[in-house]
Amino acid sequence: MTMTEQTEHIIEINHLVKRFGDNVILNDLTLNVSKGEVVVLIGPSGCGKSTLLRCLNGLEPIQGGSVTLHGEPVEHGKPSLYNVRQKIGMVFQSYDLFPHMTVLKNITLSPLKVQNRSKEEVTEKAMELLKRVGLEDKANSYPSELSGGQKQRVAIVRSLIMNPDIMLLDEITAALDPEMVHEVLNVVLGLADSGTTMMIVTHEMAFAEAVADRIIFLDGGVIVEEGAPAEFFHHPKTERAQRFLKTFTYSR
Amino acid sequence: MDWSFIQKFTPMYVEAAVLTVTIGVIGILLAIALGLLCALVKYYKIPVARQIVAVYIELSRNTPLIVQLFFLYFGLPKAGILLSSEACGVIGLAFLGGSYMAESFLSGLKSVGKIQLESAESLGLRRGQVMRYIVIPQAASVSVPALAANVIFLLKETSVFSAVSLADLMYVAKDLIGMYYNTGEALTMLVAAYLVIILPISIVFSLLERRMRRAGN
């Protein structure tokens, strides 16, 4: 039983320690993500949730513990990282499309150059994904011609086309206007429905509740509380989580 | 204006212009190669090489070309290294230009934000691929205007080559003034010759910049 459970984990984080100088960001954090699971990380700013995502993708060196993807270590600065990264899709807050390339080129660059897939297959797949996010007519546009929400949807497609084992979404709507937040989050809900494994950092609590299989509440670099979304949002167990959730409600 | 003088000595100017351009082009190409190398060393913060580059850049930028040429032409023979005037011109120009080119390349490389690099890396692109597909195309639109200014600056700097007895445009003009006292004609031809060389380059670069600015967005 333990064996089968082991193999089901996409990502295993064991006793992860991340420090910037003397400042401890993540303190002995242990967490697993199973296949098809959507884990949402929430917590006050500076609690280490974005840093955690960056560690999972090898963008940050870690000071203790380990991160593995399907048992393969994710290690900052190691050559093995190139192979591991192909299986991890990451979308950032500021979309970061490549400004000198069309939408289609942005999407096809990595499957062509990293995975050496054929141009026909990749182009077809890119168009299919663009259609899925409602942007098939923007294939030949440049990023500067798109709205923030459109850019972010392209950024999601750019990661998806690599067929990653897990998608890491780092506050992907934080820089968007409210009506654009909706169009981007609908895409993410669609991904969750189709069984994409995801780890999401967000401040959109209604979205977190709708999309998550599991909520992880981080504060001070440790997991303070975790549980099913309904339970967490309506009956938080810890005083710290109760206090945090109050900041999202108003009354007079 | 003594037109027969101008007619008579035009071939001399043409010959000198060819020499100026030849040495200028070779020197500038070497300066670009050296500059790119130095910029990459600084960009990737390669230990030791980085300190060497820093010293070179300060030395190159804070001494006049004529001093650098004197060092090559009159100084090095004392150490047993004998260089022709042409070699001195090429090396001097590359030495001076390399640091200016390095700064232009570096400003371009640095203009590409860290988050662009991280998104490219997150997609599994290797360091060389990130450089080739993401950094260089974006850096170029920042670097090209500065690069163009450097090319023109270096071509103008070639006018001190006469100091190491290289028969360039300046040398011919000084020679003719010394021999015939036709100062007006000799200087007019000198100005015209530099304009004929540099104006077209200037125009080509501004067209290129305009095109790159359009393609940049």
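**View 1. The six-stranded sheet of chain A.** In this predicted model, six strands of chain A line up as an open sheet in the order β6-β7-β8-β3-β9-β10, with mixed pairing. As a reminder, the strands of a sheet pair through backbone hydrogen bonds, and the pairing can be parallel or antiparallel. Which strands stand at the edges? They are β6 (88-91) and β10 (222-227) of chain A; each has a single partner strand, so one side of each is left without a neighbour in the sheet. If you follow the sheet from strand to strand, you will find that neighbours are turned by 20 degrees against each other on average, with direction ignored.

**View 2. Strand β8 of chain A and its two partners.** Here we zoom in on β8(A), residues 198-201. On one side, β3(A), residues 38-42, runs parallel to β8(A) and is joined to it by four bridges. Look for Val40(A), which stands opposite Ile200(A) of β8(A). Strand β7(A), residues 166-170, also pairs with β8(A) in the parallel sense, again over four bridges. In that pairing, Met167(A) stands opposite Met198(A), while Leu169(A) has Ile200(A) as its bridge partner.

**View 3. Side chains along β8 of chain A.** In a regular strand, side chains alternate between the two faces of the sheet. You can see the pattern here: Met198(A) and Ile200(A) point one way from β8(A), and Met199(A) and Val201(A) point the other way. Are these four residues buried or exposed? All of them are buried.

View 4. Helix α10 of chain A covers residues 239-246. Which strands does it lie across? They are β3, β9 (214-219) and β10 of chain A. The helix runs at about 95 degrees to β9(A). Strand β10(A) is also one of the edge strands from View 1.

**View 5. The four-stranded sheet of chain A.** A further open sheet in chain A is built from four strands in the order β2-β1-β4-β5, and its pairing is antiparallel. At the edges stand β2 (23-34) and β5 (72-73) of chain A, and each of them has a single partner strand, so one side of each is left without a neighbour in the sheet. Helix α2(A), residues 49-56, packs on this sheet, where it touches β1, β2 and β4 (64-69) of chain A. The direction of α2(A) makes about 120 degrees with that of β1(A). Now find β1(A), residues 9-20: eight bridges join it to β2(A), and the two strands run antiparallel. Within this pairing, Arg19(A) stands opposite Val24(A).

**View 6. Asn83 of chain A.** Asn83(A) counts as partly exposed because its relative accessibility is 40%, which lies between the limits of 20% for buried and 50% for exposed. Val114(A) is 31 residues away from Asn83(A) in sequence, yet the C-alpha atoms of the two are 9.2 Å apart in space.

**View 7. Chain B and its helices.** Let us move on to chain B, which has eight helices and zero strands. How far does its C-alpha trace span? Along its principal axes, the trace covers about 70 × 45 × 20 Å. Of its 217 residues, 42% count as buried. Among the contacts in chain B with a separation of 6 or more, 78% involve residues 24 or more positions apart.

**View 8. Thr20 of chain B.** Thr20(B) lies in helix α1(B), which covers residues 3-43. Why does it count as buried? Its relative accessibility is 2%, and buried means under 20%. Apart from neighbours within four places in sequence, Thr20(B) is in contact with Thr158(B), Asp168(B) and Leu169(B).

**View 9. Ala139 of chain B.** Ala139(B) sits in helix α6(B), residues 127-157, and is buried with a relative accessible area of 5%. Setting aside neighbours within four places in sequence, Ala139(B) touches Gly108(B), Leu109(B), Ser111(B) and Val112(B). Leu109(B) is 30 residues from Ala139(B) in sequence, and their C-alpha atoms are 5.0 Å apart in space.

Definitions and conventions
Residues numbered from 1 in each chain as written. Chains lettered and ligands numbered in written order. Predicted model: local features only at pLDDT ≥ 70, side-chain atom pairs only at ≥ 80, totals over all residues. Heavy atoms only, no water. Buried < 20%, exposed > 50% of the residue type's maximum accessible area, 1.4 Å probe, protein only. Contact = heavy atoms within 4.5 Å. Pairing = 2+ DSSP bridges. Axes fitted to C-alpha atoms, helices over the stretch in contact; angles between N-to-C directions.
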